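Keep the structure open while you read.

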Amino acid sequence: MFFYNQAIKIYGLLIFAFSKFNSKANLFLIGRKNWRKRYAEQFTSIKNPIWVHCSSLGEFEQGRPLIEWIKEKYPSQSIIVTFFSPSGFEIQKHYKNADAVFYLPLDTQQNAIDFIELLQPTLVVFVKYEFWLNYLFELQKRKIPTLLISSKFRANQIFFRWYGKIFQKGLATFNQIFVQDNASKIMLKKIGIENTIKAYDTRFDRVFHNTLQIKLPDCITQFCASKKIIVVGSSWAADEEVLCHWMKHNLSTDWKIIWVPHEISAIKIKQLQSKISAQSLLYSEINQSEKLNSAAQHLIIDTIGLLSKIYSIATIAYIGGGFGSGIHNILEPAVFGMPIIFGPKYQKFNEAIELIKEGAAFSFKNENELEQVFKKLLSDENEILQKSNISKQYVQLHLGGTKAITDYLIANSLI
């Protein structure tokens with residue numbers, strides 16, 4: 001613990017140093033400034049809360065189905081959500097199903113004592129990959145029930161190293177650990193952690209729930225008309241470059257393309273338009289006559305919040321990010337049933353690996369490989385139908401993670 005605590009202090013100093021020229025580090029510091037006073041003022045009106053902690057936005061999406069189940073079944077139950085990363089906090093700081101959203105103070109022993117003393121939670125839920133030892137040991141000391149949900153373990157993690165004993169003790173503080181697969185259960189059992197339950201990734205429940213409330217703007221459905229649709233979701237410049245070059249020479253008029261780029265600044269949108277050789281429309285500029293009469297083959301969505309809904313009308317989905325740090329969410333299109341295409345960097349995403357094995361997803365490294373993928377799909381409608389059924393069934397088979405957690409809460413009188 002001595003070395004762990006020293007590492008936390010060094011991390012805090014590095015954040016301070018980087019804050020001078022890094023906006024994310026600056027938000028990290030500003031969000032935690034004078035936190036004791038600010039949090040104490042807000043906690044006075046919140047009694048006996050459930051505390052859900054997420055590292056960032058991806059983990060929040062995994063915790064969200066549980067939060068929303070609690071609020072639906074027990075509307076008077078207070079819920080506090082904390083984030084470690086600014087990218088999660090800044091987007092969800094006004095989340096309507098939380099009574100308050102905070103930054104988690106840095107994991108020092110005194111911070112953990114003071115934060116938990118102020119909050120007085122009755123139940124704590126950590127999502128996926130957050131293992132802050134001072135918080136965990138303080139929660140254990142106070143006998144506050146603590147769960148880990150949607151977790152997934154790999155052999156190269158610190159828990160399974162000879163120098164990871166203190167982190168094994170951290171895992172042992174959880175009353176129950178909900179893992180995504182049997183491999184995680186087996187690895188944890190080897191280090192003496194047996195209080196595990198297999199419950200699929202709760203993101204599957206989240207994307208399925210989203211399909212129950214789809215309503216697209218009329219102008220988008222009218223743009224599609226009776227054409228087949230390729231939706232390009234969360235695309236980056238590298239994705240757009242290779243796709244536009246392929247489309248210029250190979251895309252027939254039977255198809256229309258809806259682009260939902262990751263970055264929607266005016267300059268990025270203009271760059272995308274310049275790459276598209278055919279006529280394109282901007283979602284923000286469509287007027288009534290264009291909706292009904294335009295022969296444009298490309299529609300660019302230059303606003304946020306529509307992508308998960310737009311997948312509902314896709315015939316094929318292309319997921320961006322595969323030429324950068326990694327692909328974006330592929331469950332959002334998979335839940336509607338369709339073939340899914342993405343670049344070479346997908347290895348960190350289990351659902352991508354599994355959908356490739358099942359034959360519903362395709363990865364490519366260059367334009368020649370992309371051409372082969374599209375050639376296979378576009379030449380045979382039955383091929384598309386077969387892949388679509390596989391991806392939809394894949395999601396269906398992985399539903400139920402949230403129910404496994406809520407059944408546990410009810411059975412153990414934790415809610």
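Strand E6 (residues 176–179) runs parallel to strand E7, and three bridges join the two. Phenylalanine 178 stands opposite isoleucine 197 in E7. Keep in mind that this is a predicted model.

**The sheet that holds E6 and E7**

- Seven strands make up this open sheet, in the order E3-E2-E1-E4-E5-E6-E7. The pairing is parallel.
- Its edges are strand E3 (100–103) and strand E7 (196–198), each of which pairs on one side only.
- From one strand to the next, the twist averages 20°.
- Strands pair in a sheet through backbone hydrogen bonds, and the pairing can be parallel or antiparallel.

**Strand E4 and its neighbours**

- E4 pairs with strand E1 (residues 50–54) in the parallel sense, over four bridges. Here tryptophan 51 stands opposite valine 124 in E4.
- E4 also runs parallel to strand E5 (residues 146–151), again with four bridges. Valine 124 stands opposite threonine 146 in E5.
- Is strand E4 enclosed or open? Five of the five residues of E4 (residues 123–127) are buried, so the strand is largely enclosed by the rest of the structure.
- Both faces of E4 are covered. Leu123, Val125 and Val127 are buried on one side, and Val124 and Phe126 are buried on the other.

**The other open sheet**

- Seven strands form an open sheet in the order E10-E11-E9-E8-E12-E13-E14, with parallel pairing.
- The edge strands are E10 (280–282) and E14 (361–363), and each pairs on one side only.
- The twist averages 20° from strand to strand.
- Strand E12 (residues 316–319) pairs with strand E13 (residues 340–342) in the parallel sense, over three bridges. Alanine 317 has isoleucine 340 in E13 as its bridge partner.

**The chain as a whole**

- The secondary structure comes to 20 helices and 14 strands.
- The radius of gyration is 23 Å, close to the 22 Å that the globule rule gives for 415 residues, so the chain is as compact as a globular protein of that length.
- Taken along the principal axes, the C-alpha atoms fill a box of roughly 65 × 45 × 40 Å.
- Buried residues account for 52% of the 415 residues.

**Salt bridges**

- How many salt bridges does a search of the whole structure find? The search finds 18.
- Side chains of opposite charge can pair when their charged atoms come close.
- Glutamate 90 and lysine 93 meet through their side chains at 3.0 Å, N to O. Glutamate 90 is partly exposed, with a relative accessible area of 28%. Lysine 93 is also partly exposed, at 35%.
- Glutamate 240 forms a salt bridge with lysine 275, with the closest N and O atoms 3.6 Å apart. Glutamate 240 lies in helix H12 (residues 237–250) and lysine 275 in helix H13 (residues 266–275), so the pair ties together parts that are 35 residues apart in sequence.
- Glutamate 240 counts as buried because its relative accessibility is 6%, under the 20% cut-off. Lysine 275 is partly exposed at 23%.
- Lysine 403 and aspartate 407 form a salt bridge of 2.8 Å, N to O. Both lie in helix H20 (residues 401–411), four residues apart, which is about one turn of the helix.
- Lysine 403 is exposed, with a relative accessible area of 53%. Aspartate 407 is partly exposed at 36%.
- Glu61, Arg64, Glu68 and Arg206 are linked in a network of salt bridges.

- Ile10, Leu14, Phe18 and Phe21 make a nonpolar surface patch of about 440 Å².
- Leucine 14, one of these, lies in helix H1 (residues 2–18). Leucine 14 counts as partly exposed, at 44% relative accessibility.
- Glutamine 109 is found in helix H6 (residues 109–119). Its relative accessible area is 48%, so glutamine 109 is partly exposed.
- How far apart in space are glutamine 109 and asparagine 5? They are 8.0 Å apart, C-alpha to C-alpha, and 104 residues apart in sequence.

Key: Residues are numbered from 1 along each chain as its sequence is written. This is a predicted model: local features need pLDDT of at least 70, side-chain atom pairs count only at pLDDT 80 or more; totals for chains, interfaces and linings use all residues. Side-chain values use heavy atoms; hydrogens and water are left out. Two strands pair if DSSP finds at least two bridges between them. Axes are lines fitted to C-alpha atoms, for helices over the stretch in contact, and angles run from 0 to 180 degrees between N-to-C directions. Patches are made of residues with over 30% relative accessible area and no salt bridge: like charges are joined within 9 Å, nonpolar side chains (Val, Leu, Ile, Met, Phe, Trp, Tyr) within 5 Å. Accessible areas come from the Shrake-Rupley method with a 1.4 Å probe; for residues, only the protein chains shown count as cover. A salt bridge is a side-chain nitrogen of Lys or Arg within 4 Å of a carboxyl oxygen of Asp or Glu. Buried means under 20% relative accessible area, exposed over 50%, partly exposed in between (1.4 Å probe, protein chains only). The radius of gyration is taken over C-alpha atoms; the globule rule is 2.2 Å times the number of residues to the power 0.38.
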